[in-house]
Amino acid sequence: LPKNIEVLTHFGERADFSPSNTEVAFMAKSFGDAFVIDLKTRAIRCLTCGLPGAAFLRVMHLASGDYILIGAERFTDIRTSRGRDNELWFLSKKAGSKPVRLGQKMSEGAALSKHSMLISFSETSGQNPELPKGASNLIVAEVDVSGAAPALRNKRVVVSSPDNACTLEAQDFFENDQRMTYTCYEPQGRASVWTIDLAKKQSVNQTKNIGSYNEVEGIFPDGMHTCVESDQQGVRMGATRLFRDIDIWKLRLDGTGRSFERLTHFNDYEGWKASNPVVSTDGKLMAFQVARGSDEAGVGYGILLMHLRQ
């Protein structure tokens, strides 16, 4: 590994920094248990190991220090449990707590604010039969923990796509929760990076001049740059397998796509890629996972830390 990258765990996937940057939450595997690792002591503890048959796909920190889990109540098969049965769960930070379902089916991942209880997620016709086939909505809501049970309040659709020309997935809030990044998954395995001004409901394609596979990931604290899973090294060499040939890139969110810097080089080694990066709120660290190109999206074999230039 380069000198600025260290191994944090030898197993796991889909890392997420706590708002205080003192711990990283991650999944042991797809449809498995959620863990956290203390970045100072490197002690690892399991959040869901007391639950028989846990089938979660993601764990993320709320600004309150509590957690959001994403996954199905039970594993059926990969397609069903990752699609139709995928839903949001609240897990209190209090020791011994059990996940509480929020009554919301959703698609893939979510965006969680580091400053408030704001959350964004998407739903497709696979989770919401009222949507036309292929359609998707990007929804913003608030996680309310003031009542007897946690709940989602003030749900509102901020972006709609009428068909699978663009299937939506939320990623990160930025600029004091006034803007958000999201991915548009396109036909033929392509993807593009978008931002939206939530007040004006104005969206901008940030990779319109880049093309191929570009999936937005962790935002930098300056709100001007984001990590992107991209296959640009393959595109520039004249051959790409899209998401199976990704590495991590840094994109400036100015709408031009001209500032696109490669951060990792795992895909230079046959069979490997780097994916699912997140950046600490102080901009000092990037956590990501080592992955194999032959595996499905999200599968990882350990969490790594990159010490970023300041």
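**Cores, rings and a surface patch**

Let's start inside: the largest nonpolar core holds 17 residues, and the ones with the most contacts within it are Ile 68, Leu 88, Ala 110, Ile 119, Phe 121, Val 143 and Leu 152. Five strands each supply two or more residues to this core: S7 (67–71), S8 (87–91), S10 (107–112), S11 (118–124) and S12 (136–144). The biggest contributor is S12, which puts in three residues. Keep in mind that this is a predicted model.

Now zoom in on one member of that core, Val 143. Which residues does Val 143 touch, leaving out those up to four places away in sequence? The list runs Leu 62, Ile 68, Phe 90, Met 117, Ile 119, Ala 151 and Leu 152. Of these partners, Ile 68, Ile 119 and Leu 152 are also among the residues with the most contacts inside the core. There is also a second, separate core, made of 15 residues, including Ala 111, Val 159, Cys 166 and Leu 198.

On to the aromatics. Searching the whole structure turns up nine aromatic pairs. One of them joins Phe 11 and Phe 26 in an edge-to-face arrangement, with 5.4 Å from centre to centre and 70° between the planes. Phe 11 sits in the loop between strand S1 (5–7) and strand S2 (13–17), while Phe 26 belongs to strand S3 (residues 23–27), so this pair ties together parts of the chain 15 residues apart in sequence.

How far apart are the ring centres of Phe 11 and Phe 35? They are 5.6 Å apart, and because the planes meet at 85°, this pair is edge-to-face too. Here the link runs between distant parts of the chain: Phe 11 in the S1–S2 loop and Phe 35 in strand S4 (residues 34–38), 24 residues apart. Put together, ring pairs link Phe 11, Phe 26 and Phe 35 into a cluster.

Phe 26 has 0% relative accessibility, so it counts as buried. Phe 35 is buried as well, because its 15% relative accessible area falls under the 20% cut-off.

Finally, head out to the surface. Tyr 269, Trp 272 and Tyr 301 make a nonpolar patch of about 330 Å² there. Tyr 269 is found in the loop between strand S21 (260–262) and strand S22 (272–279). With a relative accessible area of 59%, Tyr 269 is exposed, because the cut-off for that label is over 50%.

Key: Residues are numbered from 1 along each chain as its sequence is written. This is a predicted model: local features need pLDDT of at least 70, side-chain atom pairs count only at pLDDT 80 or more; totals for chains, interfaces and linings use all residues. Side-chain values use heavy atoms; hydrogens and water are left out. Patches are made of residues with over 30% relative accessible area and no salt bridge: like charges are joined within 9 Å, nonpolar side chains (Val, Leu, Ile, Met, Phe, Trp, Tyr) within 5 Å. Accessible areas come from the Shrake-Rupley method with a 1.4 Å probe; for residues, only the protein chains shown count as cover. A salt bridge is a side-chain nitrogen of Lys or Arg within 4 Å of a carboxyl oxygen of Asp or Glu. Helices (H or I, at least four residues) and strands (E, at least two) are DSSP runs, numbered from the N terminus. Buried means under 20% relative accessible area, exposed over 50%, partly exposed in between (1.4 Å probe, protein chains only). A nonpolar core is a set of buried Ala, Val, Leu, Ile, Met, Phe, Trp, Tyr and Cys residues joined through side-chain atoms within 4.5 Å. Contact means heavy atoms within 4.5 Å. Rings of Phe, Tyr and Trp (its six-membered ring) pair if their centres lie within 6.5 Å; planes under 30 degrees apart count as stacked, over 60 as edge-to-face and the rest as tilted.
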